[in-house]
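Here is a short report on helix packing and aromatic pairing. The structure comes first.

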Amino acid sequence: MTEQVVSPVRVRSVGRRLDRADGREKVTGAATYAFEHGEADGVVDPLHVWLVQSTVAKGRVARVDSAAALSHPEVEAVIDHTNAPRLEDTDDRELAILQDDAVGFRGQIVALVLAGSAEAAREGAALVDVSYDVEPHEAELREDNATYRPDSVNPDMETDTEDGDVDAALEQAEVVVDQTYRTPYEHNNPLEPHATIAWWDTVDGRSTLSMFDSTQGVHGVVQSVAPMFGLEPDQMRVRAPYVGGGFGSKGEAHAHVVAAALAARTTNGRPVKLAVTRQQMFALTGYRTATISHVRLGARADGTLTAIEHAVKEQSSAIKEYAEQTASPTRMMYAAPNRRTSHRLALLDVAVPSWMRAPGEMPGMFAHEVAMDELAAACGLDPIELRVRNEPDLDPETGKPFNNRRLLECLQRGAERFDWASRPSEARSLQEGDWWVGTGVAAATYPAMKMPGNSARVRSLGEGRYAVAIGSVDIGTGARTVLTQIAADALEVEPDAIDLAIADSRLPSASVAGGSSGTSSWGTAIVAAAQLFRADHGEAPDAGVETTASAADDPAADQYAFHSFGAVFAEARVNRWTGEIRVPRLHGVYSVGRVINPMTARSQFVGGLVMGLSAGLFEESYRDPRFGHVVTQDLATYHVASHADVLDVGAEWLEESDEAFTPMGSRGVGEIGIVGTAAAVANAAYHATGTRVRSLPLTADLFLD
Ligand code: MOS
């Protein structure tokens, strides 16, 4: 791959409110989501797959009685661990389904039913009789589970960090906050449930596997699934032209993708369609682990921090490790000479946790930012002033200068917008009718990330038009639109001169739509290809000439710590009789580098704020420890914020450009909106009522005394 040193892009369409490139297809219903592909896309006469899931949390499958299912007139086959095609690589115990009789969590896939229609497959699945040798399980995260220290935390961070002498500093501190904060299990619940279409073929004597999959990264699906079937990457093709959200749950292939491929292996080339139901998503497609954060802050009487400790206990699945980096933001957020963070995992017999919007930062900053509010109250300080007094000169984690740390400006701008100056300093001092009224603030941060392994292709179509290709996926964020803008500016043409192709693993390699890294990673690759294209082919290239390139690493960037920042302000009203809590105002101010498209970026911020509000007030998956599964497995019992809960939500950003990070000047916008938001709501509820709640969600009962 040719590497190109990128230079900053001269901005023309970047920064404009370009309409969504795929908006018309989406609102008219013409956009084809994973399950919907048909004959026009080569999906002819498909069979439907239904998943049979374990009804025990741990044990062995003793027997699968398929007779009743197979006597169903439309059922074609039942596949279980005794007759499933063998996989070449079974190391990933989440993905390597039906290879043996072991059951590691309730809801695990233990059989597949193939039938001519989804309804018949579902009926068939209900007729499969699975018996188990049951073993005792442990499915409850408690203070006293045995834990272990993972080698690293997501994605590859240090498990523990330590600077100075935290214990001595806490001993000498004039003010100490020493509290435990809890966040619950949460499930991602994108609007489009997961779905996969798969079919096998033979091309030039080699097996090929094709898929339409609802995924955040088509190349990632190839990388994880192809080796399991003994395929080279070029023997597999995954497409995801439209994806109805993911929030991290489609960031990696889950077991249903392997189920579709396994089922299709048995049909002599006939395609199979598999849709994961909303209820099945609660066991099969990842979730946010619950967390228990023990935070200790030591400070002088004036609020200057002398010690910060954040010790996290959370859980992983016994069949596959996922270690959330909950204390990671604590490492870089505020100055203090003595600091310590740690992560410990309880291994439970539960479904495999995974990424959910701002994994790490979301639960971690809830703990840290409520603790900061407690410290402000203990010192008699305004919470913004407390943060001003603890602003670091250098990144406390790496010792490097921050490239562009504008947290205090975000706080100050938000304070003006929210009329913070008129806020009473005492909690429980404002009552309007039956409602206690208060306001709160929390800081937000998210690391700026660029992923390796991205490249892009630019081809001249003649007459000033260009085809630009990269295999990245637009999961609803607006990637199609902003990449078109970036390509246009990099080639110095109008956006309508760009034909952008994405979401196909046959296109140049793209990293996952995750970690708020998509625009930075893919956009930089597009700029690299465009700049090399211009260098090689000039301003008036012949039709058909093309350049594929990736961006060379910029060694100079290594000297900085790159993070985005924000400040979230909330007003909470708590009913003095019922404890009902409403959030009439929520406002975020962000520093995220240059905003490529104000419309799509605003949707990301507002969406993140709403999701944070939802976490603050509603979201909680209840796992029944007796059986090991999440019982709140639908949108009637797993509450997410709906229209009536979302009142005045606003987002704005500081004008800036971070060209040390990307040639577009952008840093990423997808996740920071959820960070700190639940803490701001909790801090506002404290200010309203004087009741400090240290766990999510903030339910009415917690405010009744
Ligand atoms: Mo996002 S949770 O990094 O897909």
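This is a predicted model: local features need pLDDT of at least 70, side-chain atom pairs count only at pLDDT 80 or more; totals for chains, interfaces and linings use all residues.

Residues are numbered from 1 along each chain as its sequence is written, and side-chain values use heavy atoms, without hydrogens and water.

**Helix contact**

Helix H13 (residues 598–617) packs on helix H14 (residues 677–689) at about 50°, with the axes 7 Å apart. The crossing of H13 past H14 is right-handed. From H13, Leu609, Gly612, Leu613, Gly616 and Leu617 meet Thr677, Ala678 and Val681 of H14 (heavy atoms within 4.5 Å). The contact residues of H13 with H14 comprise five nonpolar, three polar and no charged.

**Aromatic pairs**

The structure holds 13 aromatic pairs (ring centres within 6.5 Å; planes under 30 degrees apart are stacked, over 60 edge-to-face, the rest tilted). Two of them involve phenylalanine 605.

| Pair | Centre distance | Plane angle | Class |
|---|---|---|---|
| Tyrosine 590 – phenylalanine 605 | 4.6 Å | 5° | stacked |
| Phenylalanine 605 – tryptophan 653 | 5.6 Å | 35° | tilted |

Tyrosine 590 lies in strand E24 (residues 581–591) and phenylalanine 605 in helix H13, 15 residues apart in sequence. Tryptophan 653 sits in strand E25 (residues 648–653), 48 residues from phenylalanine 605.

Tyrosine 590 is buried at 0% relative accessibility (buried means under 20%). Phenylalanine 605 is also buried, at 0%. Tryptophan 653 counts as buried at 17%.

Elsewhere, ring pairs link Phe418, Trp420 and Phe569 into a cluster.

Technical notes:
Axes are lines fitted to C-alpha atoms, for helices over the stretch in contact, and angles run from 0 to 180 degrees between N-to-C directions. Helices (H or I, at least four residues) and strands (E, at least two) are DSSP runs, numbered from the N terminus. A crossing is left-handed if the near helix is turned anticlockwise from the far one by less than a right angle, and right-handed if clockwise. Ala, Val, Leu, Ile, Met, Phe, Trp, Tyr, Cys and Pro count as nonpolar, Asp, Glu, Lys and Arg as charged, and the others, Gly among them, as polar. Rings of Phe, Tyr and Trp (its six-membered ring) pair if their centres lie within 6.5 Å; planes under 30 degrees apart count as stacked, over 60 as edge-to-face and the rest as tilted. Buried means under 20% relative accessible area, exposed over 50%, partly exposed in between (1.4 Å probe, protein chains only).
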